[in-house]
Amino acid sequence: MNWSISFEPLISWPLLAIVLVPLLLLSLVGLWFRQRGAVLRFVALLALGAAVLNPVFLDEEREALKSVVALIVDRSPSQDIGDRTKQTDEALAGLQQRLGRFKQFDVRVIEAGKTEATDERAETRLFSALEGAFRDVPPSRIGGAIMITDGQVHDAPSGAPDFHAPLHALITGNDHEKDRRIRFDNAPRFGLVGKPLDMSYRVISTENETAPVDVRVSVNGQQVSVEHAIVGQTMPLQVTIPSAGRNIIELAIDKEPGELTETNNRAIALVDGIRENLRVLLVSGEPHAGERTWRNLLKSDASVDLVHFTILRPPEKQDGTPINELSLIAFPTRELFVEKIKDFDLIIFDRYQHRDVLPILYYDYIAEYVEKGGALLIAAGPEYAGDASIARTPLMSALPAMPTGEVIDKAFYPRLTDLGQRHPVTRGLDGSATEPPRWSRWFRTIGVQNPEGQVVMKGADNRPLLLLDRKGEGRVGMLLSDQGWLWARGFEGGGPHVQLYRRIAHWLMKEPELEEERLTADGRGMVLEIRRQTMADDPGTAQVITPSGKTMSVKLDKSEPGVFLGSVQTSEIGLYQIANGDLTALAHVGPINSPEFADVVSTTDRLKAPAEATGGSVRRLTTSSASDIALPSIVPVRSSGEAAGSDWIGLRTTDDSVLKAVSRVPLFGGFLGLGLLLLAIGSMWYREGR
């Protein structure tokens, strides 16, 4: 029962003041001067005021509200170590039973961290879960929070959390755990192919170890060295990046007896290999309409260093002009094709013909350069079909096709062949999906016979237009038309000349992404994704070896011509080995050097400051290796009382309530009020009448 008095005036307060205040002043003056009947007049005025003010007794029926208590349960991967899961489940059941005895508590159980292991930055974020549990609760109703965790909480504040209630932490694990782990201190994201990359790492142990620790260093699954590390010290490491694209650097140490886990005995760094600027030599046989197409493309590529020469004055041209009066630069043939030919990643002959600019022996050097791993591109024009064709030099051994002597001047749409639709150089060229292709026509094709290698584009009368071939360790490309500049100039809408020319050049320079046969894999969360690039119709299934040594088969489904994809949901974190045919690949699945496993030793230190700032406590569920836990007692406390003791924890109760019903009893209403008012006024009239 909650009694209170309230006034419900019959007229508005301003009007009430206008009427009663003057009468009250007159009554007070009469009392001051002790006039006859002043007391009765004052009593009558009070009765009139009470009738107008209409006082009412209120009886409120209220229901007490419960304090909200958050029970935060840590389900992160580090809680799966040892007996921590069992301790957590037992503590959760015991706390729910004890809290259920108190009707004044509304308990909310929040499990946090269960799915965070799939995150690249998997962390235990219990305070974020705590904030969500109290998001709809007013501060006065927060009774407190209890966390069941191993103490490795990554979002713990340095001071008090944003609520005024006790925070208690019950720590799983035990106080004599030991663990040894390895981590990268410095791991650059990029590195130059073939160059040493400076890195650093550290081995950390809970024990005072003095003996050096053997660290196995692997690059892309192949062990390259064994380092000797001093525990606790930052150790330098040099690794040579073997290939362009993604490289996996792995450090591993042996598991010690009694260690909590060996998950953090490995550290992974993903380094993207970048090749130094590619050097390209472009030799134009003469000025022509499309001469600058190749030059502009290669100059716009930041990864290419271009050396370009155009033969403006062949040796046979003699007009009597003294050499010292010519503004032309002599072609440094010996320097380029003998002394520094190995420095170039690609040589392009653009409408070049043999006119004694190069000694005949130098063509043999170029053929040898290709055989030993170099790259050569012939951008052919009518000269390739003439008597001065470079096909009539010792370079012929490196060429994929010999000219027939024909020059077909006929309009045509360049089209992809069946091989070209699957080949990474021409696959998916913008505009190739329609018939005719959505690009402009060309008007010249150079005839060849007995083409070798792969014909990926065809020209007029289905003749070969683009040939790609391997010679020894090197590669040769041949574009049998000089009309590509029409695309660059926008003729009839133009075409994808940048896309095509860049792919040709980079395939010749052995760009990994443009290999016809390529197997790659990557981890997306806990899903292993496999990509197979092939010229075959069906690559078959991929064989996968998990980090624990288990094997599985993954079906590869066709995604587009020449590309097959497969994926599989995994449960193990680590390196997976994938094989298909003669190709192999590595992929890391799961979080890379996750903070969740950076430190797995249970601790009371991280939660001590926020718990003590709220008047709460941090205590272990067990201090021995035994599996039995010791739960503290739970005591409801007032907002100003202590919230923790040696064997108990306190949770605050609230004074908030909800109004259910109200009973009204008017004090001056009905016949009683009317009678009192008439009695007062009548007494005043009677006295005044005498």
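Together with Phe190 and Ile274, Leu192 forms a nonpolar patch on the surface.

Helix α3 (residues 84-99) was examined for its geometry. Its 16 residues should span 22 Å at 1.5 Å a residue. The end C-alpha atoms are 22 Å apart, so the model agrees with that expectation. Several positions of α3 are buried: Arg84, Gln87, Thr88, Ala91, Leu92, Gly94, Leu95 and Leu99. An α-helix has 3.6 residues a turn, so residues three or four places apart point the same way. The cover over the buried residues of α3 includes strands β3 (67-74), β4 (105-112), β5 (142-149) and β6 (167-171). It also includes β34 (633-637) and β35 (648-652).

The protein chain as a whole holds 13 helices and 36 strands. Of its 690 residues, 46% count as buried. Among contacts with a separation of 6 or more, 71% join residues 24 or more positions apart. The chain exposes about 34,100 Å², and carbon and sulfur atoms supply 51% of that area.

The protein chain averages a pLDDT of 84, and 82% of the residues score at least 70. Among the elements, strand β20 (residues 415-416) has the highest mean pLDDT, 96. Helix α13 (residues 670-689) has the lowest, 58. Where pLDDT is low, the predicted coordinates should not be read in detail.

How values were computed:
Residues numbered from 1 in each chain as written. Predicted model: local features only at pLDDT ≥ 70, side-chain atom pairs only at ≥ 80, totals over all residues. Heavy atoms only, no water. pLDDT = per-residue confidence, 0-100. Helix = DSSP H or I, 4+ residues; strand = E, 2+ residues; numbered from the N terminus. Expected span 1.5 Å × (residues − 1). Buried < 20%, exposed > 50% of the residue type's maximum accessible area, 1.4 Å probe, protein only. Contact = heavy atoms within 4.5 Å. Patch = residues over 30% accessible without salt bridge, like charges linked within 9 Å, V, L, I, M, F, W, Y side chains within 5 Å. Areas by Shrake-Rupley, 256 points an atom, 1.4 Å probe, with all protein chains shown as cover. Salt bridge = Lys/Arg side-chain N within 4 Å of Asp/Glu carboxyl O.
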